Amino acid sequence: MNVQKLEQVDLPDPRTTTVFEMSGIPGISGKGGISYTCPSCQSVLLENVSASYMARIVFRCPACGKLSRMQTRKSPPMHVPSSMQTQ
Ligand SMILES: [Zn+2]
């Protein structure tokens, strides 16, 4: 099984971030292929979910109370086509 660690969040902006209050461990269980653990206490918070699942939501660990979220992928750098160069 693919297990990854969630990215710890210290102070999410409540206007733009939804905090999911988990009531148990795992907080969410699905049918994807990746499990995510709490960065602080290693509890499995998301079990068998897909990589993009709830990527914008911050989770509160029911065991230790830390906030964490899935790491957001950085978009690849922009490439300027060489055909745009003037001759
Ligand atoms: Zn925890």
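Guide: Asn-48 has its place in strand 6, where a strand is a DSSP run of E at least two residues long, a helix is a run of H or I of at least four, and both are numbered from the N terminus. This is a predicted model, in which local features need pLDDT of at least 70 and side-chain atom pairs count only at pLDDT 80 or more, while totals for chains, interfaces and linings use all residues. Residues are numbered from 1 along each chain as its sequence is written.

The backbone at Asn-48 has a phi near 55°, a positive value in a residue other than glycine. Asn-48 counts as partly exposed because 18 C-beta neighbours lie inside 10 Å; a residue is called buried if 20 or more other C-beta atoms lie within 10 Å of its own, exposed if 12 or fewer, and partly exposed in between, with C-beta atoms placed from the backbone.

Strand 6 is joined to strand 5 by three bridges, and the two run antiparallel; strands are said to pair if DSSP finds at least two bridges between them. Within this pairing, Tyr-36 stands opposite Leu-46 of strand 6. The two strands form a hairpin with six residues between them, and Gln-42 is found in that loop, between strand 5 (34-37) and strand 6 (44-49). Gln-42 is also a residue other than glycine with a positive phi, in this case near 70°, and it counts as partly exposed because it has 13 C-beta neighbours inside 10 Å.

On strand 5 there is a further pairing to follow, since four bridges join it to strand 1 (residues 2-5), and these two strands run parallel. Here Lys-5 stands opposite Thr-37 of strand 5.

Pro-26 lies in the loop between strand 3 (18-21) and strand 4 (28-29).

As for the setting of these parts, the chain has eight strands and zero helices, and 15% of its 87 residues count as buried. Among contacts between residues at least 6 apart in sequence, 52% join residues at least 24 apart, a contact being two residues whose C-beta atoms, placed from the backbone, lie within 7 Å.
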